[in-house]
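The following points were prepared for a colleague who is examining the structure. They are arranged by structural element.

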Amino acid sequence: MTNYKSDLLNTLSARGYIHQVTDAEALDSLASRQVVPGYIGFDATAPSLHVGSMVQIMMLRRLQQAGHKPIVLMGGGTTKVGDPSGKDESRRLLSSDDINSNIASIRRIFERFLTFGDGPTDAIMVDNAEWLDALEYIPFLREVGKHFTINRMLAFDSVKLRLEREQPLTFLEFNYMILQAYDFLELSRRAGCRLQMGGSDQWGNIVNGIELARRIDQTDVFGLTTPLITTADGGKMGKTMSGAVWLNEDALPNYDYWQFWRNTQDADVGRFLKLFTDLPLAEIARLETLQGAEINAAKIALANAATELCRGADAAAAAAETARKTFEEGTAGDDLPSLAVGADGISLVDALAGLGLVASKGEAKRLIKGGGARIDGIRNLDEAARIEIGENAVRISAGKKLHGVLIRS
């Protein structure tokens, strides 16, 4: 770990956020002398972000904690184009109304992690539709397009991989990297932004923006990327058997969010505590020493701290209590997902799918056949099994970690 002069880079380094920096020495010097406005962009393709965006949200939080100014750039303009990075096919195009609705919904999440306002280190949220929607095509190409060669654009992974796989890449998407670079130029002009952060897959786009700002305005700006966050088994962060782990509670229940963190693999606990919680490094170091069954205490600490940041202290406490009742007492906690069932009952397949414990009925059948489905703790191997609900709720389990409750409607 490198020793820096600034609190910002020391914190980011100590907690494992830094993968690449364009000029670490100059950025460190700047951050030790003055407030550095820094931004990360988020496209508004859904009403909620998911856990895969958490490391970027926490980066903005660390920026503010170190005395600098976070800029949340919402891609009201770029969402209309679609980022081809890491994707094999074109993104479905959304209407302006859908995009604006998504941005309003996503803002609620950022308000939990950042302090917004008019002060020098208060966060601001801006929408790149403010400038991208107003661009005139020919003047934009003359001013900005001349700084991008087709040769270099074809060499970017986001383009090269799509072409190698013989997947269509529209001219619309091909423009994305130019528009993202232009965002950095506009933010440096409008908000004095000096730093763009993002995942390692955004390195090329970030460098483009840095070079554009230098060529057109002779402004020195910087880029910093995080490593690709994967789980110990090489899986993608934020993906589960049941789908994406959404940050908004109306998209994913509090208990499921808490349980996602509780189910962290042993080898990932220390790293995730540093990245996704505000627990002091000394306390994290203590939790990292726990072995065997004791490591569950570290996982619970991770689940509590991560859930409190995103969903609030009450939600974290309720989820932890539900887990305690479910696993220690064998009863159904109040915070488990529930499904109301009529007098004629419900099939086990429909119950597993309806509770969101599996992604499809086909997956439910495979789970049952493999012995992973339980009714009130008892394994059931019958794909045709039906469940009738009396006065008491019935607990349905998919494996050891996913649970739900059937209640009489």
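Angles between elements run from 0 to 180 degrees between N-to-C directions, with axes taken as lines fitted to C-alpha atoms. The model under discussion is predicted.

1. Helix H2 (residues 24-33) lies across E1, strand E5 (195-199) and E6, and runs at about 105° to E6. Helix H10 (residues 176-191) lies across strand E2 (37-42), strand E3 (69-74), E4, E5 and E6, running at about 145° to E2.

2. Strand order. The six strands form an open sheet in the order E1-E6-E5-E2-E3-E4, and their pairing is mixed. Strand E1 (20-21) and strand E4 (124-127) are the edge strands, each pairing on one side only.

3. Strand E1 pairs with strand E6 (residues 222-226) in the antiparallel sense, over two bridges. Within E6, Leu224 is the bridge partner of Val21.

4. Packing of H3 and H4. Helix H3 (residues 54-65) packs against helix H4 (residues 96-113) at an angle of about 45°, and their axes are 10 Å apart. Angles of 65 to 115 degrees count as roughly perpendicular and those under 35 degrees as roughly parallel; H3 and H4 are therefore oblique to each other. The crossing of H3 past H4 is right-handed. On the H3 side the contact is made by Met54, Ile57, Met58, Leu60 and Arg61, and on the H4 side by Ile109, Phe110, Arg112 and Phe113. By class, this contact of H3 with H4 has seven nonpolar and two charged residues, and no polar ones.

5. Helix H12. How many of the nine residues of helix H12 (residues 254-262) are buried? Seven are buried, so H12 is largely enclosed by the rest of the structure. The buried residues of H12 are Tyr255, Tyr257, Trp258, Gln259, Phe260, Trp261 and Arg262.

6. Burial of strand E14. Five of the five residues of strand E14 (residues 394-398) are buried, so E14 is largely enclosed by the rest of the structure. Both of its faces are covered, with Val394, Ile396 and Ala398 buried on one side and Arg395 and Ser397 buried on the other.

7. Pairing of E14. Strand E11 (residues 373-375) and E14 run antiparallel and are joined by three bridges; Ser397 in E14 is the bridge partner of Arg374. E14 also pairs with strand E15 (residues 402-408), in the antiparallel sense and over five bridges, and Gly404 in E15 is the bridge partner of Ile396. E14 and E15 form a hairpin with three residues between them, and Gly399 in the turn has a positive phi of about 70°.

Conventions: Residues numbered from 1 in each chain as written. Predicted model: local features only at pLDDT ≥ 70, side-chain atom pairs only at ≥ 80, totals over all residues. Heavy atoms only, no water. Helix = DSSP H or I, 4+ residues; strand = E, 2+ residues; numbered from the N terminus. Parallel < 35°, antiparallel > 145°, perpendicular 65-115°, else oblique. Left-handed = near helix turned anticlockwise from the far one by under 90°. Contact = heavy atoms within 4.5 Å. Nonpolar A, V, L, I, M, F, W, Y, C, P; charged D, E, K, R; others polar. Buried < 20%, exposed > 50% of the residue type's maximum accessible area, 1.4 Å probe, protein only. Pairing = 2+ DSSP bridges.
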